[in-house]
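Me: I've got a model open and I'd like to learn how to read it. Can you walk me through it, feature by feature?

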Amino acid sequence: MATNVQDSDVRPGPNRYISTPGVATIVPSYLEDYVHPVIITGELSAQAFLDYTGSSEFFAPALRYDGSSSERNARELAEQARA
């Protein structure tokens, strides 16, 4: 994975942590190496991201978890992502 790796990245790769002001507006550039990225998020974090970026929808399919942090919900989301 080489897409948009920056010297400022705290942790590069699929579990990347980036601490740069405004980075939320360029997230799609970090996903260019992926064929079918899927976003897994909660309702509040999804809305906060969309409000911050000024977007009405995500740049990739977005699945919402049910807030349970359960193995059942993780499996459901994995199945939805595969589909």
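This is a predicted model: local features need pLDDT of at least 70, side-chain atom pairs count only at pLDDT 80 or more; totals for chains, interfaces and linings use all residues.

Me: Where do I start, and what pattern does the protein chain follow along the sequence?

Reply: Start with the secondary structure. Here the protein chain has 3 helices and 4 strands, and along the sequence they run β-β-α-β-α-β-α.

Me: What share of the 83 residues is buried?

Reply: Burial is judged by relative accessible area, with under 20% counting as buried. In this chain, 20% of the 83 residues are buried. As for the surface, the chain exposes about 6,000 Å², and carbon and sulfur atoms supply 53% of that.

Me: Which residues make up the largest nonpolar core?

Reply: For a core, look for buried nonpolar side chains that touch one another. The largest one here has 5 residues: Ile39, Ala46, Leu50, Phe58 and Ala60. Take alanine 60: setting aside neighbours within four places in sequence, its contacts are Pro37 and Ile39.

Me: What does the side chain of asparagine 73 reach?

Reply: For polar contacts, check N and O atoms within 3.5 Å. Here the asparagine 73 side chain reaches the backbone nitrogen of aspartate 66 at 3.0 Å. Not counting residues up to four places away in sequence, asparagine 73 touches Tyr65, Asp66 and Ser68.

Definitions and conventions:
Residues are numbered from 1 along each chain as its sequence is written. Side-chain values use heavy atoms; hydrogens and water are left out. A polar contact is a pair of N or O atoms within 3.5 Å; within protein, one must be able to donate a hydrogen and the other to accept it, and residues adjacent in sequence count only if both atoms are side-chain atoms. Contact means heavy atoms within 4.5 Å. A nonpolar core is a set of buried Ala, Val, Leu, Ile, Met, Phe, Trp, Tyr and Cys residues joined through side-chain atoms within 4.5 Å. Buried means under 20% relative accessible area, exposed over 50%, partly exposed in between (1.4 Å probe, protein chains only). Helices (H or I, at least four residues) and strands (E, at least two) are DSSP runs, numbered from the N terminus. Accessible areas come from the Shrake-Rupley method with a 1.4 Å probe; for residues, only the protein chains shown count as cover.
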